[in-house]
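Visitor: I have a few questions about the wording used for this model. Could you take me through them?
Guide: Gladly, let's look together.

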Amino acid sequence: MLSIKNIERFYKTGPLTTWVLRDINLKVSEGEFVTIMGPSGSGKSTLLNILGMLDQPDAGEYLFFDEPVHRFNEKRRSELHKHYIGFVFQAYHLIDELTVYENIETPLLYRGIKSAERKAMIADVLDRFNMVAKKDLFPAQLSGGQQQLVGVARAIIGKPKLLLADEPTGNLHSSQGETIMELFAQLHREGMTIIQVTHNEKNAQYGTRLIQLEDGFVRDDAGVARLNV
Amino acid sequence: MLINYLNIAVRQLLRHKRFSALNIFGMAAGMSVCMLVIMAVRDQYGYDDFHANGERIYRIISAEADKNQPLQKATHATAPLSLLEVIQDHSPYMEAGARLVSMGDDFKIGERVFPNELGGYAVDQGFLDMFSFGWEAGNHSDALTQPRSVVLTKTTARRLFSGSPAIGMTVQLGEMGDFLITGILPDPPKRSHIRFDYLISYPTLQSMSAEELSKLGINGFDEIWRGLTYVLLTEKGSRAMLDQTLASQTASYSVRSEKMHYIFQSQALMDVMPSRDLANEIGVGTPHVVLYFLMALGLVILLAACFNYVSLSLARSIKRAKEIGVRKVFGAAKKDVVRQFLTEAVLISLLAFVLAVGFLELLIPAFYNLDPFVSTIFQLERSFSNYLIFLLMSLLVGLAAGVFPALHIAGFQPLQAIQQLKNVRLFSRMGLRKTLVTLQLTLSLVFILVVIIVLKQQNHVLNADLGQNIENIVSVQLQGLSFDKFSQRAMQVKGVESVSSTSVAILAGENNEETAIFGERNDSMQVGQSFISQNFLQNMSIPLVAGVNFPEDNYSEGEQFAIVNETATRQMGFPKPDAALGSSIVASGVPLSIIGVTKDFHHDNIWFSPIKPFVLRNKSERAYNAYLRLSEANQRETLASLHAIWSELSPQKNWYGFYLEERVYNMAKFFRMGSSIIGFVGFLTIVIACLGLLGMVVYVVEGSVKEVGIRKVLGAGEARLVWQLSKGFLLLMCIAVFIAVPLTVFAADMWLNNFLMRISVEVEMVALGISIVLFLGLLTVMSQTYWAARANPIEAIKNE
């Protein structure tokens, strides 16, 4: 599905070069549930953002469905991003002025989907997430777990091939976090490719593959089963 | 999609009420002024658009000059009365033509007199054929073909005959005798440069003797002063053909005249108004320059309002960054974000439109009240088309104001926008907002300085030494009444100190130019000339610098003496005024000996016309105007008594008396109107600039609530905090001063050069202007910073 070769990312402040990612090579196939772990500052989020095309590497290649993303301009990148990738944030990042319904609707609007079809799709998702009664509430009127549910709903409404999640349970109570992770596991079973960044080892259990980053390098890349040994 | 945009825009507006109010109010203030300008300008450009054949009608304008002087373009709205027949003979492409000679005489029906109240023209039958003034009754096709025919407007007919049928009746028109009423017209529309109460047939003039014509001011049909000429071309005719004929007539008139040469040109009917500053213009309207100036003002104030919007929107965009970031992550392209923010801008501009239409209702009366002169010129119309234009303007303003913030915001990188909400490119945006606020402050300062300079200049001219004392002088037009008769009676009135006469109403806008010949080589010069009574100089307190006044009895041996002003003696080449005494000067053909020299005194328009050589002569039969000096007390009673004397001596004529000082003041009506309008617009610009400033300060303060809180906890005093928060404004103010002051002073200096008596721009005027803007700006800034500095620091820190 996607592969990156020799990806590097760094910041220059005066004479100093701060490396964030160094020589990352990675291949992800369709249907995988990948967890990226590592200490703070190891470059997990940056890697996720590069995979999600929100950030560009300073060097290296990125092929997404065999398309050379690193050579695309912003417009083509965002076109690709719009159709194939869904995003879940740690801080939910719902639009405060929009209701639950409208927040979920946003990605569909930008894809130009017709009103009737939109309604049907949103009704489906609301139903599945048990949020029909809350559809006209604003984010400020919801608990954190509910907000993140909306965040996930918004991310998957467009049926993306790849779901990226940056510490999706980081701001939640454990029980709320479990709900979200169950949801991810279910989406995975339905065939969605998921890449998540997390600190939480329990969350990693839901995945099929674990990548450990340290100081910008990949330290370890293995199946989840090995961790359990 | 649009619904989604509107939805979020409305929620944003409701949620941030202060921001919305500032934005909408500022934009509405700018728009309402622009609306007023559009109304005024459309009014002035809407003249004469009701004539069905208007596009084919041209006026012939002209100029004449001595053969040795150059002549480039027509300067007079009038043309020789003989010209129309000549060009009609030469041109198959002319459908109709008409001359207009203004008439103003008393109407008499039986014993009832309507003195001087009605104005009209002697016109050819072609007038009715070419113009579309409409027709009420009578035979339209030959109403004005016979001598002694008159056509009345509906209102005139009603006034003269109070409703009973007028056609076929006769009226007596002053000394011209009886006229047969052959038709009734509707009243001419307000926006016609040709206005009249009646029209008499041009053949009436052709049937008159030279002497009778001379009484009407027509001294030969080749003179360019007296009549206007209009032609209607056939559908196939072109302006080029007309111009060609006019060029050939220009040549043939110049060949025929010994001394003068001429120029004749065509002027399209639609170009007559707004007026082109031609002499003898009959239409009353704002000169072009004034309209351009108004439009520029409208544009400037609209720009100021747009700057406000840009500045406030950018301030807001920091808070909107997260939303934009999220939208972009979920698929919004740049163009989607641009559209969203343009939608918001247009929504705000539409709300501002509604408010502006309300403001406009307050502005219109204020505009009329600026100067009594305004309402005679402008008829502001609340027409559908005007409001349609306002609406379009509002949409355009919304788009124009919105496009920059929209592009800027759409350029946010989603990741940065989401992650670093607090400081996304905060710095560069602050730079832009600072620039905008500085621009607004600069504009405000320019306006204030202009107002100060204009008012100073106005006072300077009005308080200038005119070389005479015009206070308490009342001028009375005698209109044929004997001066001796009037002055005898007037001198008996309590409160009249002295009565003198002058043929030319000095300082009241009249002018009589003559050629004077002097010296051994018979040099000539153009001089102003007036015939005055012996006591005139004394009455007006015009001092003599050499020689003596006219003797009491100057007539026994015919006219002998002249008194000239200093400028005249200088032009005649005398080193000192005394040297001119006794030398001879031939004024309009009469040889005279110079008996006295006056100190220079103003005699023409004190704003723009310099003091010219002036010759005063003493001849009682030319006493056309009485200049009376009243004593300070009870002038109202004195005037009432004079009025009563007038009604008794001259019952058929209206009293035309006025204070000379008032007349001098009124000569500057455009000037006064202009300065009121600048003041008005300047005020609004400052209000808008302060709103912009307020917007910026609100956000700076909101952004630094935490900083202020920490500083307070660390022990900073309130005064220090206010200073900390306000000092940025002072820097912007300094920059505004550096831009505005040199610019305004330079421009004002050029403008002041147009005046005869000018002030120079002084430091205290500039200082006053700066203080006003500084004061208002500081007031705005302090109102917010003081509040921030007073706030409880714990709250501030906790909130963050």
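Visitor: In which hand does α2(B) pass α11(B), left-handed or right-handed?
Guide: The crossing of α2(B) with α11(B) is right-handed. Please keep in mind that this is a predicted model.

Visitor: What kinds of residues make the contact of α2(B) with α11(B)?
Guide: Among those in α2(B) are B:Ile24, B:Met27 and B:Met35, while α11(B) brings residues including B:Leu351, B:Phe359 and B:Phe367. The contact divides into 17 nonpolar, three polar and no charged residues.

Visitor: Turning to chain A, what makes β2 and β5 edge strands?
Guide: The open sheet has four strands in the order β2-β1-β4-β5 (chain A), with antiparallel pairing. Strands β2 (16-28) and β5 (67-68) of chain A each pair on one side only, and they are the edge strands.

Visitor: How do you know that β1 and β4 of chain A pair?
Guide: Pairing asks for at least two bridges. Strand β1 (residues 2-13) and strand β4 (residues 59-64) of chain A have five bridges, in the antiparallel sense, so they count as a pair. A:Glu8 stands opposite A:Ala59 in β4(A).

How values were computed: Residues are numbered from 1 along each chain as its sequence is written. Chains are lettered from A and ligands numbered from 1 in the order in which they are written. This is a predicted model: local features need pLDDT of at least 70, side-chain atom pairs count only at pLDDT 80 or more; totals for chains, interfaces and linings use all residues. A crossing is left-handed if the near helix is turned anticlockwise from the far one by less than a right angle, and right-handed if clockwise. Helices (H or I, at least four residues) and strands (E, at least two) are DSSP runs, numbered from the N terminus. Two residues are in contact if their C-beta atoms, placed from the backbone, lie within 7 Å. Ala, Val, Leu, Ile, Met, Phe, Trp, Tyr, Cys and Pro count as nonpolar, Asp, Glu, Lys and Arg as charged, and the others, Gly among them, as polar.
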